[in-house]
Amino acid sequence: MTEKGKELFDKVKENINILQTEGTLEKQFGDFWKLACTIKTRQHDLQYLYDDSSREFVDKYRETLIKMREDFVNHMDDYVEKCINIMRKKNFTVYYAKTNEEAQKIFMEELGDTKTIYKSKSNQAKDIGIIDILKTNNIKIKETDLGDVLVQLFKYELPSFQVGPGAHFTEEEIAAKIKEVYDVDLEPKAHAIVDFFRNTYRKELLNDIKVSLTSANAISAEDGTIVLGENEGNISLITRATEKHIVVCGITKIVPNILDAVLITKLQSRINNVSYNYISLISGPSNTSDIQGTSVQGMYGAKEVVVILVDDWRTKAAKKNLFYKEFLKCIGCKSCIFPCTASRAFGNIFASKYGLGGIAIIRDYIHNGIEAAVEDGLFLCTSCENCYHWCPVSINLGEILRKMKKEASEKGLAPPYLDQYKEKIFKEKNPFK
Amino acid sequence: MTKLIFLGCLSKTKYQETCKNAIKIIKTLDSEFEILEDVPCCGALAYHIGSDSELKTHVEYVNDWFKSKNISNIVTICAGCYNYLTKYYPQFLGEDFKIEVKHLIQFMAQKENLAKLNLKNLGKPLKVSYHDACHLRNAELPVIEEPRIILESIENVELKELDNNKKNSICCGAGGGVYSVFKENSDHNSKLIFDQLKRGKALLTACPFCYTALYRVRNDNQIKKPVIKFEDFIVKIMEGVDPLVD
């Protein structure tokens, strides 16, 4: 074990101590998360509004999805090219960014003089480093998903659940926070809190947006349509009532056609038991031809829709057959997080700045290397492969994490005891001797 | 040709009584199976911490040892050994690994073996639950239905499934070497497994790693219902002893 290994091990141990200490934010989240995972893991097998359970729904389409994603990974260049061509014909402004840095640069140029940006949840923007670059440039980031609005209100900086950030704040805490920040007395009830934001923030969203940012649930290569699912209506507002809508996502959001894109979006909703009450299909900027048949862009909706498709690690992983190549198939449904043994036990200390669970740790590894992943709690993973069993496209995240552990071990970053086991197995042929 | 009972390092070191019980079951079913001295570790625990070349060297060493003893069949009593020998040995060794490997539960569940065991619980009707170990449910040839077939074959024993079972079972939190370093994982997850033990009077497991974690968490939480190793349970049934009495 190297010095660095010791340092990272101590850090993880310290995180576990914090997680178990009453009154810490980590403990508060951890307790909430334990409950949420237990309920969700069971709920997945229950019927929820529909005739079939979400697991049955996933199983029904599993084969189709696997085939669809494998086909994409094997023909990534073709799909990307096809998608970009059709999008340009449909008056999208499209960029293909080779790296995250390039995407960040393009984004800042597209932002121009605008100093405030309104965004949806957009986990992809975090992955691509857009949030970091906005912060560096002192751009005011206005969240619109209520969960993220709350996270921002509380200045909560620890990792939270990608699908429901802020779900761990209690009604009392939120009401108290609103009193502190806005000096408004609210009944500590969910409906009162929602009413407060509807009455105050909704007007701003409808009147004041120059540039908005979203990711995409999926993009159809056949017709260049962007699919965005949501239940609050925030995405509908900020993608319409804006001058410029910027979409930033990895090229892996591309799927062959619109039916595939809708299927993936529907699946993301079913598997998480969230209601996508609105699904937007965006095929270009707002447009009218009502005056003498002349096509004019920018009627009531977005005047311009900019799409930044980011490659970064993706083509490299496919072409070089890197061990995390499988990860390219990920549809971002997050269904691997609830059943994760380590996530349940360790909440937001088995996590990275990209969110909770193994997927967030793999992202950290891809962008920031093995030391970052070890610090995120890589060695808390039991290799139970629940993530693999629940994944609708059968990505063996457990195996990817195992390979990362191997790399960490080779670099002297494995925790003590494990190192000793290894020595005993190879030399004495019994780890418990 | 030699038929080997592969006890596994953890059971051999920590659970000798269970080893005796497993040997008893296996010998009852096929007396040709034997115990050999100095059986090397399969290497499962080193999988995610050893380099591919180190692992290959080890796996080759073990395979050469098997060859030197002329091993044709193996029955493992450890879930981890079963998973590793059946998944990773063929991966590292290809055609050079020719041994037929079965887990004790698979071996017991074979029709002729079940008939031979003819298990009957002589005491009061008993409801038990079974915890699916990751090593068995995730194996190349998963062992999922077999424990259920065995339990259902026992007169006066009824299986009460946990909410999370088969492929969706909750991991005890001990796998991947985590138990030796971060016990907090099993503190939560093993407790969750016990929480699902509603109508079952005992929790059975066929994995010594799960057993170790579950046993500790049971004690820590002063849970009354016992966790019992599958083979210990079966032997008590075979001997007409109350399987819930330690």
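E423(A) is partly exposed, with a relative accessible area of 37%, in a model that is predicted. Its side chain meets that of K427(A) in a salt bridge, 2.8 Å from N to O. Over all chains, the structure holds 44 salt bridges.

- E423(A) and K427(A) both belong to helix α19 (residues 418-428) of chain A, where they lie four residues apart, about one turn of the helix.
- K427(A) counts as exposed because its relative accessibility is 63%, over the 50% cut-off.
- In chain B, E100(B) and K102(B) form a salt bridge whose closest N and O atoms are 2.7 Å apart.
- E100(B) is partly exposed at 40% relative accessibility, and K102(B) is partly exposed at 21%.
- Salt bridges with shared partners join E385(A), E399(A), R402(A) and K403(A) into one network.

**Around R314(A)**
- D127(A) and R314(A) form a salt bridge, with 3.3 Å between the closest N and O atoms.
- D127(A) is in helix α6 (residues 123-127) and R314(A) in helix α13 (residues 314-319), so the pair ties together parts of chain A that are 187 residues apart in sequence.
- Both D127(A) and R314(A) are buried.
- The side chain of R314(A) also makes a polar contact with the side chain of T252(A), at 3.3 Å.
- T252(A) sits in the loop between β7 (244-250) and β8 (254-255) of chain A and counts as buried at 11% relative accessibility.

**Helix packing in chain A**
- Helices α3 (residues 54-74) and α12 (residues 258-271) pack at an angle of about 145 degrees, their axes 11 Å apart.
- The crossing of α3(A) and α12(A) is left-handed.
- The residues of this contact divide into nine nonpolar, one polar and five charged.

How values were computed
Residues are numbered from 1 along each chain as its sequence is written. Chains are lettered from A and ligands numbered from 1 in the order in which they are written. This is a predicted model: local features need pLDDT of at least 70, side-chain atom pairs count only at pLDDT 80 or more; totals for chains, interfaces and linings use all residues. Side-chain values use heavy atoms; hydrogens and water are left out. Helices (H or I, at least four residues) and strands (E, at least two) are DSSP runs, numbered from the N terminus. Buried means under 20% relative accessible area, exposed over 50%, partly exposed in between (1.4 Å probe, protein chains only). A polar contact is a pair of N or O atoms within 3.5 Å; within protein, one must be able to donate a hydrogen and the other to accept it, and residues adjacent in sequence count only if both atoms are side-chain atoms. Axes are lines fitted to C-alpha atoms, for helices over the stretch in contact, and angles run from 0 to 180 degrees between N-to-C directions. A crossing is left-handed if the near helix is turned anticlockwise from the far one by less than a right angle, and right-handed if clockwise. Ala, Val, Leu, Ile, Met, Phe, Trp, Tyr, Cys and Pro count as nonpolar, Asp, Glu, Lys and Arg as charged, and the others, Gly among them, as polar. A salt bridge is a side-chain nitrogen of Lys or Arg within 4 Å of a carboxyl oxygen of Asp or Glu.
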